[in-house]
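Hi there,

Here is the structure I promised to pass along. Have a look at it first, and then read on for what turned up.

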Amino acid sequence: RSWRRQTAHLPQPAPTGFDRRAYLATLAGCIDHFLALQDERGAIIDPHKGVEFQYSTPCFAHGAALLFAEAGRDDLAEPALRAFRFAARALADRSAADGHEDFYPAPLAHAYRLLRGRAPAAGLAEAAAPLAAFDPYAIYRKPPGGSGRSGSYRNCKALAGHHMLV
């Protein structure tokens, strides 16, 4: 309610002019770029750092799954599933790149929803298995805080995705 009161006077954003096809084409350019940076484990490797960086892998899993499901990009089924598997394990093991576990649940939940019923069921079940029983209090980096406390933005990101995973 507070946000709505504070922003009610602001104009609505201007339409982009993009339709669904244009957004998918833009996403395809991004995913195709990062596809070349995926290693054999499924991780997206930053070409400058030489290692996985922050939450690139779960976000790649989400984007690739979206193109697989909505744009007929069957070539992305395996890379999406591989990235999902790697990121799900990293979340459950608390080994996410740069300690960014809090940012993994939402893109993983969206990727799972898009892959379910489309990717091989056994492969998706195996990839998602680590997410079934991990303890969020032991995995997420910031304890529950609230507005104005350190980590509150991370809490929001973790909670937004975690509720979709359970």
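At what angle do the axes of helix 3 and helix 4 cross, and within what distance do they come? Please keep in mind that this is a predicted model. The two axes cross at roughly 150° and come within 8 Å, with helix 4 covering residues 77–93. Angles over 145 degrees count as roughly antiparallel, so helix 3 is roughly antiparallel to helix 4. Their crossing is left-handed.

On the helix 3 side, this contact is made by Thr-57, Pro-58, Phe-60, Ala-61, Ala-64, Ala-65 and Phe-68. Helix 4 brings Ala-77, Pro-79, Ala-80, Ala-83, Phe-84, Phe-86 and Ala-87. Sorted by class, the contact of helix 3 with helix 4 holds 13 nonpolar residues, one polar residue and no charged ones.

Now for the other pair. Helix 2 (residues 20–35) and helix 3 (residues 56–70) have axes that come within 10 Å and cross at roughly 130°, which makes helix 2 oblique to helix 3. The crossing of helix 2 and helix 3 is left-handed.

Which residues meet here? From helix 2 there are Arg-20, Leu-24, Leu-27, Ala-28, Ile-31, Phe-34 and Leu-35, and from helix 3 there are Phe-60, Gly-63, Ala-64, Leu-66, Leu-67 and Glu-70. The residues of the contact of helix 2 with helix 3 comprise ten nonpolar, one polar and two charged.

Best wishes

Terms used:
Residues numbered from 1 in each chain as written. Predicted model: local features only at pLDDT ≥ 70, side-chain atom pairs only at ≥ 80, totals over all residues. Heavy atoms only, no water. Axes fitted to C-alpha atoms, helices over the stretch in contact; angles between N-to-C directions. Helix = DSSP H or I, 4+ residues; strand = E, 2+ residues; numbered from the N terminus. Parallel < 35°, antiparallel > 145°, perpendicular 65-115°, else oblique. Left-handed = near helix turned anticlockwise from the far one by under 90°. Contact = heavy atoms within 4.5 Å. Nonpolar A, V, L, I, M, F, W, Y, C, P; charged D, E, K, R; others polar.
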